[in-house]
Amino acid sequence: MEYSDLLSKFEVFFSEVCYDELLKAVQESEPVIVDFEDLERFDSELADSLLSDPDEAFQAIDEAIVNVDIGETIDSKIYVRFKNTPDSNIIAIKNIRSKHIKKYISIEGIIKQASEVRPEITLATFECKACGERINIIQEEQHLEKPYMCACGNKQGFSMVARRMVDLQRLEVEESPDRLDGGSQARKIAAFLQEDLVDPKFQKKVIPGAKVRIYGVVRDIPLKVEKGKETKRRDLFIESNYLETIEQEFADLDITEEDEKEIKKLSTNPKIYELLTQSIAPSIYGYEKIKESIALQLFGGVRKIREDGVTTRGDIHILLIGDPGAGKSQLLKYVSGLAPKARYVVGKSTSGAGLTATVVKDEFMRGWALEAGALVLANKGIAMIDELDKMSKEDRSAMHEVMEQQTVTISKANVQATLNAQTTILGAANPKFGRFDPYTSVPDQIDLPDSLISRFDLMFIIRDVPNKESDTRLVKHILKLHENPESQKPPIPADLLRKFIAYAKINIKPVLTEAAQKEIEKFYVSLRNQHSGDEQSAVPIGARQLEAIIRLSEASAKVRLGDKVLKKDAKKAISLLMEYMMAVGIDPETGQLDMDRIESGTTTSQRNKIRLLLKVISEMQEESKDKTVLIEDVIAAAEEQGIDDAEGIISKLKREGELFEPKNGHIRKV
C-alpha cells in the first residue's frame with residue numbers, strides 16, 4: 001500500500017473510529033490503546049500493512065494524528081498502542097526467526113529479569129565549533145552518532161548542545177513452562193520498554209515472575225562488536241509497543257462447554273476421591289493417603305486477605321520423607337507434569353538465589369537487574385523440590401518467607417523489591433542414615449531446621465518394610481507394567497484432570513459451614529485438652545495444624561465443586577492430619593501425641609527431664625568449691641529423680657553447649 005493511502009486511511013480511522021480515545025489521550029496525556037480487531041473491521045488491508053511493515057505504518061500514524069482536528073492543542077507526541085492481535089500473530093519465542101525482523105508480532109512468556117529504568121538519547125543536536133551551525137542527528141543505533149562533516153567543511157570539533165531523551169527498560173522474557181514440549185529448554189528473548197510503558201503506574205505489571213503478552217516489532221543487533229566492527233551474527237529483541245499481563249493461574253487452559261459438563265459430572269461422582277487418588281501417578285503402587293493428599297494439594301484452599309491487611313495462605317505444603325527407592329522422586333516428577341503451572345528443582349543443584357530471586361549485573365543497561373527464581377516463577381502454581389535435605393542451610397533459609405508470607409523480599413546492591421510467591425510446595429527428603437527410624441524424631445533424622453519443618457501442613461513417611469502380602473502385590477504390579485506399559489491408565493485422563501483443577505481453583509471459593517466449624521472445633525479442643533491441667537504436659541496440636549485442617553477441608557469442598565465446606569470435608573481433613581501425626585508425632589515414652597517431637601525433635605517429656613537435670617546440676621554446683629560436679633554423682637542424683645537416661649542427656653547438652661567438661665569426669669553449666 002502506498003504511503004499516501006496509509007496516511008489518508010489512518011486519518012479517517014482516528015477521526016471516525018478512535019476519535020473519543022484520541023481526544024481523551026490528548027486531554028489526559030495518555031497513549032491511545034487501539035484494539036486491533038477495530039482496525040481490522042475498519043480496513044483489513046490497513047491492518048495487514050501494520051503487521052507487515054510497522055515502521056512505515058507508525059510513521060503514517062504519527063502524521064495522521066497531527067492532521068486530525070480534535071479542537072485541542074497537541075503539545076507532545078501521542079503514542080498509539082495496538083493490542084489483541086490475531087492468535088496467528090502470537091509467535092512462540094523459540095520460533096522467532098529472521099523472517100520476523102521488522103514485523104509486528106506478539107509473544108507470551110514469564111518475565112525472568114527486569115532491569116532498572118534508564119534514559120536513552122533519541123535525538124542529539126551538535127554545534128560546529130568552526131561556524132556555529134547546529135545539526136540534528138536522530139539516534140537509532142546502539143552507539144552515539146555524531147555528524148561526519150559540517151556544511152562549512154569542518155570534520156572535527158562538534159559539541160553536543162541539546163538532546164531529547166526517553167526512558168528505557170530491558171526485560172528478559174522466558175517461555176512459559178506449560179508451553180514447553182517434554183523436557184525442552186525454555187527460550188528467552190530481550191524486550192525493551194520505553195516512553196509511557198515505563199511509567200511508574202505501568203511498572204506494577206512489570207515484575208519478575210509475572211506472565212505477560214508483549215506486542216512489538218522484532219529488531220536485530222550485532223551479537224558482538226570489536227573495535228567498531230560488526231559481526232555477521234545477529235541477536236534478536238522486541239521493541240515493545242504494548243504489554244499486558246495474563247492471568248497467571250490457570251487461564252492458559254482452554255475449558256470448553258463440553259469440558260465443563262464433564263468436570264461437573266465428575267464432581268458429582270460419589271467415588272471422586274478414589275478416582276483422583278488412582279489418577280495420581282497410577283504406575284506407582286500404593287500410597288493411597290499420600291496421593292489423596294497430593295490431589296487436595298493441587299486443588300488448594302482459599303487465600304484470605306483480612307481487613308487489617310493480614311493474609312492467610314491457601315496453599316497446602318507437603319513433605320515426603322522416606323527410604324531410598326520408594327518412589328518419592330517419581331511422584332514429584334509426575335505432579336510436575338500434571339499441574340498446570342509447575343517447576344521441578346533438585347536441592348543439591350539449587351541455590352537460594354535460584355529458588356527465590358537474585359540481583360544480577362545487567363551488562364546491556366550497565367546497572368543491576370532483578371532475576372526471579374523457581375518459587376517466584378511458579379507463582380500461583382506448584383514447585384517440586386526434590387532432595388530438600390541436600391540444600392545448604394543458607395539456601396534453605398530463603399524458603400521460610402515464601403512458605404508462610406508467600407513473598408520474596410530482596411535487598412541487594414541498589415535493588416529493594418518484594419515479589420509475589422504464592423507457590424504450593426511439594427518437597428521430598430531422605431533420612432540422614434539411609435532408612436527411616438520410627439523411634440527417632442523427624443528433625444533428628446533429616447537435615448532440615450525445625451522452623452522449616454513446622455511450615456509443612458502434612459508430612460508423610462514412606463518406609464520400605466518387608467511384608468509378604470504387600471511385596472507380592474507390588475511385584476505383580478511392576479511385572480504387569482513391564483509386560484504392558486499401558487496397563488495402568490488413569491481413570492481421569494491427565495488433560496481432563498488438569499482442566500478440572502483449573503476450573504475448581506478459578507471458580508470455587510468454598511466457605512466453612514457451621515457444622516464443619518463445630519467438627520473442627522470439637523476435634524481441636526478435645527485433642528488439646530486430653531491431658532490438660534499440667535503446664536508441662538505435651539501439646540498434641542497447635543494453631544498451624546488447625547490452619548492446615550481448614551485448608552484441607554476447603555480443598556475437599558473444591559473437589560466436589562461445592563461452595564460450602566461440609567462436615568464430611570472437615571472429617572476427611574482431620575483423618576489425613578491424624579494419619580501423619582500418628583505416624584511421626586507419638587512420644588515413645590508416654591504414648592501421647594506431641595507436636596514438639598515433629599517440629600523440634602525434643603518431646604515435652606525429654607524437655608522436662610532436661611529441665612530437671614539442669615536443676616540438679618545447679619544445686620550440686622552451689623555446694624562445690626570449684627563449681628564443677630562429678631558426672632557419676634549427677635547420674636546417681638538424676639536416677640533418684642526418675643531420670644534413667646541421664647548419661648545420654650548430658651552428652652546431648654555438651655554437644656549443644658549447655659554443659660562443658662573443664663576436666664575429665666567433671667561437668668559444669670555454661
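## Close-up views: a parallel sheet and selected salt bridges

**View 1. I321 stands opposite A429 in strand 21.** Strands here, like helices, are DSSP runs numbered from the N terminus (E, at least two residues, for strands; H or I, at least four residues, for helices). Strand 14 (residues 318–322) and strand 21 (residues 424–429) run parallel and are joined by four bridges. A word on the source: this is a predicted model, where local features need pLDDT of at least 70 and side-chain atom pairs count only at pLDDT 80 or more, while totals for chains, interfaces and linings use all residues. Residues are numbered from 1 along each chain as its sequence is written, and side-chain values use heavy atoms, with hydrogens and water left out.

**View 2. K9 forms a salt bridge with D43.** The closest N and O atoms are 2.9 Å apart; a salt bridge is a side-chain nitrogen of Lys or Arg within 4 Å of a carboxyl oxygen of Asp or Glu. The pair links distant parts of the chain, 34 residues apart: K9 is in helix 1 (residues 3–17), and D43 is in the loop between helix 3 (36–42) and helix 4 (44–52). K9 is partly exposed at 24% relative accessibility, whereas D43 is buried at 16% (buried is under 20% relative accessible area, exposed over 50%, partly exposed in between, with a 1.4 Å probe and protein chains only).

**View 3. R213 forms a salt bridge with E244.** Their closest N and O atoms are 3.4 Å apart. R213 lies in strand 8 (residues 211–222) and E244 in strand 11 (residues 234–245), so the pair ties together parts 31 residues apart in sequence. E244 is buried, at 18% relative accessible area.

**View 4. R313, E404, D457, R544 and R551 are linked in a network of salt bridges.** A search of the whole structure finds 27 salt bridges.

Terms used:
Two strands pair if DSSP finds at least two bridges between them.
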